[in-house]
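Subject: Structure handover

Hello,

Here is the structure for your set. My notes on what was found in it follow below.

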Amino acid sequence: MALAPKHSAAALNIFTTMSSLARKENAYNLSQGLPDFPVFPALSDLLKAATVEGYNQYAPMPGLSELRENIAAGFNKRYTSGSCSPDTITITPGATYGIFTALTTVISKGDEVIYLEPAFDCYVPAIEINGGVPVCIRLDEQKDFEIDWQQIRDAITGKTRAIIINTPHNPTGRVWTQADWDQLASVIGQREIYVISDEVYDSIVYDEAQHLPGFLQKELEGRVLSVYSFGKMYHITGWKVGFVIAAPALTAAFRSIHQYLGFSVNTPAQYALAKYLLLPDQEPASVMLQAKRNLLVSRMQSSKFRLNALSEGTYFQLFDYSAVSDMEDVVFARWLAMEHKVATIPLSAFYRIPPGIKQVRLSFAKNDETLEAAAAILCSL
């Protein structure tokens with residue numbers, strides 16, 4: 001019997017493909033965002049302790065109260081302009097799940113959802129599986145991926161139910177400013193449109209950039225679901241633990257869906273994270289990762305690859321390879337991995353209809369030795 005397709009995306013995404021190719025070719029893997037440095041020892045010890053101390057059964061559906069309280073305390077310390085309550089936080093099995101469930105919460109069949117390209121590849125399938133209609137707004141590749149707010153205004157119809165935004169942005173590294181949030185609030189106005197705010201790289205911002213949470217935007221109060229990831233925060237992507245923060249009514253609606261999907265998240269990890277959040281003198285991930293960004297960029301200066309705008313956040317940097325090759329980007333990425341043993345992600349992976357620009361995304365969440373060796377190869381081309 002034939003099964004009807006639930007979404008229009010590829011059966012196997014490029015991230016899985018390139019990581020598999022990197023393993024097969026024994027290539028330096030600067031493709032998928034998989035940090036290759038160790039977990040903080042204290043966090044590992046806390047996870048071991050959790051299993052020994054009996055935290056091995058189902059956690060409460062919203063998440064361990066201690067973890068939610070410590071997240072709220074951390075946000076309130078970091079963002080003094082607003083307040084965060086444990087009651088508005090729901091622990092989820094990863095951020096992708098959080099985005100999917102947020103969409104399930106706010107859209108119905110036929111509703112339109114605006115998203116901005118280049119975009120992470122889970123957005124469109126999540127919209128379509130939930131019965132929504134994706135509406136693409138393309139960022140301006142010729143102006144460092146600026147947002148055309150008039151295009152968003154023009155795209156809004158009576159069927160628009162949600163807008164997905166991503167800050168810090170994967171793959172461009174752009175971080176939203178207060179002016180961006182104010183523009184979004186102005187565009188939405190008083191319409192019943194919700195914002196799914198993908199903020200998984202919130203703790204990874206550089207230089208003068210500052211992350212501004214969606215759920216704290218006063219002009220959008222009650223209409224934003226902000227999605228976060230401990231995987232990005234503490235480079236523990238395999239733990240698959242995230243959380244969603246939203247206003248009380250949205251949180252109640254989100255949990256009414258969550259309880260019939262994942263229901264709860266693995267308890268030992270929640271316990272370990274709750275304890276770890278209380279440890280003093282933690283160095284922000286951004287300190288180490290900014291040094292890695294700077295290392296990669298400095299080593300690539302003598303290459304034919306052209307730096308796009310310097311990444312303000314995330315652990316990714318875009319490079320233009322048009323001076324190296326005229327190959328289409330997927331072909332170029334495969335050639336680079338197979339012939340020169342450096343795996344990257346072609347920018348077209350973040351588009352439904354690729355714009356034809358010659359750019360690849362490099363992850364610098366790697367050991368310095370890996371970055372040095374990969375950059376040396378790229379500089380030789």
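P5 counts as exposed, because its relative accessibility is 71% (buried is under 20% relative accessible area, exposed over 50%, partly exposed in between, with a 1.4 Å probe and protein chains only). P5 sits in the segment before helix 1. Its C-alpha atom is separated by 9.2 Å from that of I129, 124 residues apart along the chain.

Some ground rules. This is a predicted model, where local features need pLDDT of at least 70, side-chain atom pairs count only at pLDDT 80 or more, and totals for chains, interfaces and linings use all residues. Residues are numbered from 1 along each chain as its sequence is written, and side-chain values use heavy atoms, with hydrogens and water left out. Helices are DSSP runs (H or I, at least four residues), numbered from the N terminus.

Next, T51. T51 belongs to helix 2 (residues 41-52). T51 is partly exposed, at a relative accessible area of 38%. Leaving aside neighbours within four places in sequence, T51 is in contact with N56 and P268 (contact means heavy atoms within 4.5 Å).

T370 is in helix 13 (residues 368-379). T370 counts as buried, at 15% relative accessibility. Not counting residues up to four places away in sequence, T370 touches Y28, L30 and D36.

Now the helix pairs. Two packed helices are described by the angle between their axes and the distance between the axes. Axes are lines fitted to C-alpha atoms, for helices over the stretch in contact, and angles run from 0 to 180 degrees between N-to-C directions.

Helix 1 (residues 14-25) and helix 12 (residues 329-340) have axes that come within 9 Å and cross at roughly 20°. That makes the two helices roughly parallel (angles under 35 degrees; over 145 is roughly antiparallel, 65 to 115 roughly perpendicular, the rest oblique). Their crossing is right-handed (the near helix is turned clockwise from the far one by less than a right angle; anticlockwise is left-handed). From helix 1, T17, M18, L21 and E25 meet A333, R334, A337 and M338 of helix 12. By class, this contact has five nonpolar, one polar and two charged residues (Ala, Val, Leu, Ile, Met, Phe, Trp, Tyr, Cys and Pro are nonpolar; Asp, Glu, Lys and Arg are charged; the others, Gly among them, are polar).

The axes of helix 11 (residues 285-299) and helix 13 come within 9 Å and cross at roughly 20°. Helix 11 and helix 13 are therefore roughly parallel to each other. Their crossing is right-handed. K292, L295 and R299 of helix 11 make the contact with D368, L371, E372, A375 and C379 of helix 13. Those residues divide into four nonpolar, no polar and four charged.

Last, the aromatics. The whole structure holds 20 aromatic pairs (rings of Phe, Tyr and Trp, its six-membered ring, with centres within 6.5 Å; planes under 30 degrees apart are stacked, over 60 edge-to-face, the rest tilted). F75 and Y79 form a tilted pair, because their planes are at 45°, with ring centres 5.8 Å apart. F75 is buried at 8% relative accessibility, and Y79 is buried at 6%. The pair of Y315 and F316 is edge-to-face, at 5.2 Å centre to centre and 70° between the planes. Y315 is buried at 1%, and F316 is buried at 2%. Ring pairs also link a cluster of F40, F75, Y79, F215, Y228, F230, Y234, F243 and Y276.

Best wishes
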